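Subject: Structure for your review

Dear colleague,

Please find below the structure that I am handing over to you. I would ask you to keep it open while you read the notes that follow it.

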Amino acid sequence: MSVVQTVKIVGLAAVALTLSVEWLGWLLRRLKPWRASRGPLKEVLFFPTEIACVEFLFSPNSLYPCSCLLLHGVETSLSRLLRHILSASSSLDVCVFAFSNMDLSRAVLLLHTRGVTIRVLTDKDYTVIPGSQIGLLRRAGICVRYDCDAVHMHHKFAVVDGRRLITGSLNWTLTAVQSNKENALVTEEPDLVQPFATEFRRLWHFNDPERRYPPCIGKNAANSSPKGGRC
């Protein structure tokens with residue numbers, strides 16, 4: 001083999017090696033997002049949210065576009081939160097201090113019509129405040145219980161299908177969503193989800209109206225059973 005041929009072969013090998021390294025780097029960059037997407041869901045939402053129409057989430061198959069005057073076609077913290085709630089296919093456990101946001105209430109009611117099992121636990125002093133959605137949920141047949149302790153039940157979390165956690169400072173109220181500086185963390189990390197699911201079960205059992213003695217009595221006390229039945 002001549003020197004010229006040897007040089008050519010070495011040159012071609014060097015080019016091939018360079019291309020291989022570049023191709024491998026490109027492949028790893030392509031695979032990195034895919035590998036990351038296989039991990040547990042993690043998303044952080046900040047409020048106040050941009051005020052925009054969310055009708056498309058409730059009527060995705062509508063033949064007619066919404067004619068309201070709000071901004072359309074944008075994703076906001078509220079729309080992301082609603083998407084996570086509406087992803088429920090079997091169960092939704094809600095544990096919130098105050099619940100007066102109509103969009104969030106509408107999402108819960110929609111899940112109820114789909115046959116999703118829903119349980120709502122809230123603070124006893126905030127069940128009948130002006131604008132509270134608790135009465136509307138109960139009248140629809142959703143099981144609601146209120147915490148009877150002398151101190152406030154100040155949690156703000158929900159567990160979707162037993163595997164997705166929504167928690168943070170955000171109360172489910174119009175003021176919290178549109179005015180306050182709030183946050184919500186959404187995750188499917190089992191080490192975070194399961195303690196909240198366990199705490200919900202504990203509080204739900206503790207506040208069973210048929211177990212508590214003495215029963216909760218007061219102007220804010222309401223029948224926690226849907227349509228008069230036991231939940």
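In these notes, two residues are in contact, or touch, when heavy atoms of theirs lie within 4.5 Å. Please bear in mind that the model is predicted.

Leu92 touches Ile85, Val108, Leu111, Val116, Thr117, Ile118, Arg119, Ala158, Val159 and Val160, leaving aside residues up to four places away in sequence. Leu92 also belongs, with Ile85 and Trp172, to the residues with the most contacts inside the largest nonpolar core, which has 35 residues. Helix H3, residues 77-86, gives the most to this core, with five residues. Another core lies apart from it and has 13 residues, including Cys95, Leu121, Cys143 and Phe157.

Helix H3 itself is mostly covered, as eight of its ten residues are buried.

I turn next to the strands. In a regular strand, side chains alternate between the two faces of the sheet. Which residues of S4 lie on each side? Cys143, Arg145 and Asp147 are on one side, Val144 and Tyr146 are on the other, and all are buried. Strand S4 spans residues 143-147. Strand S3, residues 117-123, pairs with S4 in the parallel sense over five bridges. Between S3 and S4 the chain passes through helix H5, residues 134-139, in a right-handed β-α-β crossover. Thr122 stands opposite Tyr146 of S4.

Yours sincerely

How values were computed:
Residues numbered from 1 in each chain as written. Predicted model: local features only at pLDDT ≥ 70, side-chain atom pairs only at ≥ 80, totals over all residues. Heavy atoms only, no water. Buried < 20%, exposed > 50% of the residue type's maximum accessible area, 1.4 Å probe, protein only. Helix = DSSP H or I, 4+ residues; strand = E, 2+ residues; numbered from the N terminus. Pairing = 2+ DSSP bridges. Right-handed = clockwise from strand over helix to strand, strands pointing away. Core = buried A, V, L, I, M, F, W, Y, C linked by side-chain atoms within 4.5 Å.
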